[in-house]
Amino acid sequence: MSRRTEQHPDPADPRIGAPFFSTWRVGTPERQRQAVEAIGRTWERRPWPTDDLLGYHVYAGHDGDTLLHYSQWRSEQAFEAFVKAHRQERVDEIDTAVPGIERVEIGRYRHYRSAGREGAAAPVPGCVVIVDVRFEGPDEDRQRAWVDAVFEALASEPEARPGGISAHFHLSTDGTRVLNYAEWESAQAHIDALAAPGEGVGSATERWKRVQNWPGLLPSGSVSRYDHVLGLTP
């Protein structure tokens, strides 16, 4: 059967061949809580659909409106099989409990690179920050090159921003987006990092300016903070 867990996922798990990120809008903090409980009940009363699903996690946006869903699949084929056989009955039950959910989008990604604290064990994340970066037109080489440039900029910083735990970069399969799943000790630590000198998280160095002015980078990206509110595993 499906069971709940408070443990945060490991986006760098090498078994994950097809990570999916999707967003719902539900309207209010109360409806966020209701939807999360409906998801938990719906999954707990059913068998875990397949061994090819390694974990399913839900996050409540600090905007009081959105829910982020992160599912860890071994392959896209396994996800498609789940959609055909099991997804609709779950959607129907959740929508009956919380009518009016807007399912905004679902993104297909591949994990590319991760970075995190070295040495001592990392603390439990108090906040997950999703950085959504968008480019004009598909270009897989550009996706990778931009992420590699971010790592070069991070390595050039004299010292890391306090409160950062890890960063996990994912490339969209359509070649147009990069998603960074970043773990922070707290939302305030992330807010303080954004407010520090320089443009965004990162010092005002030439390498960071290169990242921020990359050819084809669109201004339509976003940065959103979330709390991990539901984890489901076999």
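**Terms and their grounds**

Q: What makes the span of helix α3 close to the expected one?
A: Helix α3 (residues 140–156) has 17 residues and reaches 25 Å from its first C-alpha to its last, close to the 24 Å expected at 1.5 Å a residue. The expected span is 1.5 Å times one less than the number of residues. Helices (H or I, at least four residues) and strands (E, at least two) are DSSP runs, numbered from the N terminus. This is a predicted model, in which local features need pLDDT of at least 70 and side-chain atom pairs count only at pLDDT 80 or more, while totals for chains, interfaces and linings use all residues. Residues are numbered from 1 along each chain as its sequence is written, and side-chain values use heavy atoms, with hydrogens and water left out.

Q: What caps the N-terminal end of α3?
A: Asp139 does, with a side-chain oxygen 3.1 Å from the backbone nitrogen of Asp141. A polar contact is a pair of N or O atoms within 3.5 Å; within protein, one must be able to donate a hydrogen and the other to accept it, and residues adjacent in sequence count only if both atoms are side-chain atoms.

Q: Which residues of α3 are buried, and what do they pack against?
A: Arg142, Gln143, Trp146, Val147, Ala149, Val150, Phe151 and Ala153 are the buried residues of α3; the term means under 20% relative accessible area, with exposed over 50% and partly exposed in between (1.4 Å probe, protein chains only). They pack against β5 (102–116), β6, β7, β8 and α5 (206–212).

Q: Why is Gly164 called partly exposed?
A: Its relative accessibility is 24%, so Gly164 counts as partly exposed. Gly164 is placed in strand β7 (residues 164–172). Leaving aside neighbours within four places in sequence, Gly164 is in contact (heavy atoms within 4.5 Å) with Arg117, Glu183 and Trp184.

Q: Why does Arg46 count as buried?
A: Arg46 counts as buried because its relative accessibility is 14%. Arg46 is placed in the loop between α1 and β3. The side chain of Arg46 makes a polar contact with that of Glu93 at 2.8 Å.

Q: Why does Arg90 count as buried?
A: Arg90 counts as buried because its relative accessibility is 4%. Arg90 lies in helix α2, and its side chain reaches the backbone oxygen of Pro47 at 3.4 Å. Leaving aside neighbours within four places in sequence, the contacts of Arg90 include Thr42, Trp43 and Arg46.

Q: Why is strand β4 described as largely enclosed?
A: Eight of the eight residues of strand β4 (residues 66–73) are buried, so β4 is largely enclosed by the rest of the structure. Thr66, Leu68, Tyr70 and Gln72 point one way, Leu67, His69, Ser71 and Trp73 point the other way, and all are buried. In a regular strand the side chains alternate between the two faces of the sheet.

Q: How do you know that β2 and β3 pair with β4?
A: Two strands pair if DSSP finds at least two bridges between them. Strand β2 (residues 18–25) and β4 have eight bridges in the antiparallel sense, and strand β3 (residues 53–61) and β4 have seven, also antiparallel. Phe20 stands opposite Ser71 in β4, and Leu53 has Trp73 in β4 as its bridge partner.

Q: Why are the buried residues of α4 said to line one face of the helix?
A: In helix α4 (residues 187–195), Ala187, Ala189, His190 and Ala193 are buried. Seen down the axis of α4, these buried residues fall within an arc of 160 degrees, so they line one face of the helix. The arc is that of the directions from the helix axis to the C-beta atoms. The cover over them includes β6 (127–134), β8 (177–184) and β9.

Q: What makes a set of residues a nonpolar core, and which have the most contacts inside the largest one?
A: A nonpolar core is a set of buried Ala, Val, Leu, Ile, Met, Phe, Trp, Tyr and Cys residues joined through side-chain atoms within 4.5 Å. The largest has 24 residues, and those with the most contacts inside it are Ile39, Trp43, Tyr56, Val58, Leu67, Trp73 and Leu232. The largest share of this core, five residues, comes from α1.
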